[in-house]
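Keep the sequence and the model side by side while reading.

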Amino acid sequence: MATAVIGVGSIGKTVAQLLVSGGEPVVLASRDQSQATALAKDLGGSASATSVGDAIAQADAVVFAVWFDTMKELITEHAVLLAGKVVIDPSNPISLDGGTVSRTLPDGQSAGEVIASLLPAGAHFAKSFGTLTAGQLAEGAHRVPQPAALFYATDDDQAAATTERLITTAGFAPVKAGGVTASLRIEVFGDLHTMGGLDGKLVTAEEANAAITA
């Protein structure tokens, strides 16, 4: 089985590159399939491309590297296929207006909680891969002597195990922020997000755990 990366924008492309470099079989998909095909060709190795539905069907974990509203649409469209899958959500509920970033959900409500509520019974949900910018993901992977931390949030043991494996494969140290209700902390403007309380910094696992309890 493989990991599906749905969406080949800056986050999807970077996550796919890191996973393929770590030896993970990756199936790419995009609404414009030609973009996914081109990226798979560039990445080579264990990367392939297909339709969104086929990518989900072939994978045991699915990273939806798309905008929040698009992710909601895709989950509704492919709900039957997502049963039994580990679904990883990097989305941030934001809009960009004239260069200004603003949240699109009410205060106190996270994208992670919304997405988790839309998934079919039997799906395993985790929030991750959205706490750093694409540039920080690319540049911060495999940092020495101590790897940079990458937060995740879940209430599901299977999702936790898979997400930790993928974070490690990507070259980071997995750090659990808490259950799904902790998603707000690792989304944009949250205290554990680079565009929030971390103020653009990459932190070690030790620093990340200290920040969680601070």
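Contact here means heavy atoms within 4.5 Å. Leaving aside neighbours within four places in sequence, Val62 is in contact with Ala4, Ile6, Ile56, Leu82, Lys85, Val86, Val87 and Ile88. The model is predicted.

Val62 is found in strand β4. Its relative accessible area is 0%, so Val62 is buried. Thr3 is 59 residues away from Val62 along the chain, yet their C-alpha atoms are separated by 5.8 Å.

Ile88 belongs to strand β5, residues 86-89. Ile88 is buried as well, with a relative accessible area of 0%. Set aside the neighbours within four places in sequence, and the contacts of Ile88 are Val62, Val63, Phe64, Met71, Ala126, Ser128, Phe129, Thr163 and Leu166.

**The nonpolar cores**

In soluble globular proteins, nonpolar side chains tend to be buried together. The largest nonpolar core in this model has 32 residues. Which residues have the most contacts inside this core? They are Val5, Val26, Leu28, Phe129, Leu137, Leu150 and Phe172. Helices and strands both contribute: α1 (10-21), β2 (26-29), α2 (33-43), β4 (59-64), β5, β9 (149-153) and α8 (157-169) each supply at least two residues. Helix α1 gives the most, with five residues.

Take Leu150 as one member. Not counting residues up to four places away in sequence, Leu150 touches Ser128, Phe129, Thr131, Leu132, Leu137, Ile167, Phe172, Ala173, Pro174 and Val175. Another core lies apart from the largest one. This other core has 26 residues, among them Val27, Ala29, Ile56 and Leu119.

**Helix α4 and its partner**

Two packed helices are described by the angle between their axes and the distance between the axes. Helix α4 (residues 68-77) packs against helix α6 (residues 111-118) at an angle of about 10°, and the axes are 10 Å apart. Angles under 35 degrees count as roughly parallel. That makes α4 roughly parallel to α6. On the α4 side, Phe68, Met71, Lys72 and Ile75 make the contact; on the α6 side, Ala111, Val114, Ile115 and Leu118 do. By class, this contact has seven nonpolar, no polar and one charged residues.

Which residues of α4 are buried? Phe68, Met71, Leu74 and Ile75 are. Seen down the axis of α4, these buried residues fall within an arc of 120°, so they line one face of the helix. The general rule behind such a pattern is simple. An α-helix has 3.6 residues a turn, so residues three or four places apart point the same way. The cover over the buried residues of α4 includes β1 (2-6), α3 (52-58), β4, α5 (79-82), β5 and α6. On the face turned away from the buried side, α4 carries the exposed residues Thr76 and Glu77.

**Residues in the loops**

Now turn to the loops.

| Residue | Relative accessibility | Class |
|---|---|---|
| Phe129 | 1% | buried |
| Thr204 | 11% | buried |
| Phe189 | 44% | partly exposed |

Most residues other than glycine have a negative phi, and most peptide bonds are trans. Some residues here depart from that. Phe129 has a positive phi of about 65° although it is not a glycine. Phe129 sits in the loop between β8 (124-128) and α7. Phe189 also has a positive phi, near 80°. The loop that holds Phe189 runs between β10 and α9.

Where is the cis peptide bond with omega near 5°? That bond runs from Val144 to Pro145. Pro145 has its place in the loop between α7 (134-140) and β9.

Thr204 lies in the loop between β10 (173-178) and α9 (205-213). Not counting residues up to four places away in sequence, Thr204 touches Arg143, Gln146, Pro147 and Ala149. At 11% relative accessibility, Thr204 counts as buried.

Note on methods:
Residues numbered from 1 in each chain as written. Predicted model: local features only at pLDDT ≥ 70, side-chain atom pairs only at ≥ 80, totals over all residues. Heavy atoms only, no water. Axes fitted to C-alpha atoms, helices over the stretch in contact; angles between N-to-C directions. Helix = DSSP H or I, 4+ residues; strand = E, 2+ residues; numbered from the N terminus. Parallel < 35°, antiparallel > 145°, perpendicular 65-115°, else oblique. Nonpolar A, V, L, I, M, F, W, Y, C, P; charged D, E, K, R; others polar. Buried < 20%, exposed > 50% of the residue type's maximum accessible area, 1.4 Å probe, protein only. Core = buried A, V, L, I, M, F, W, Y, C linked by side-chain atoms within 4.5 Å. Arc of directions from axis to C-beta.
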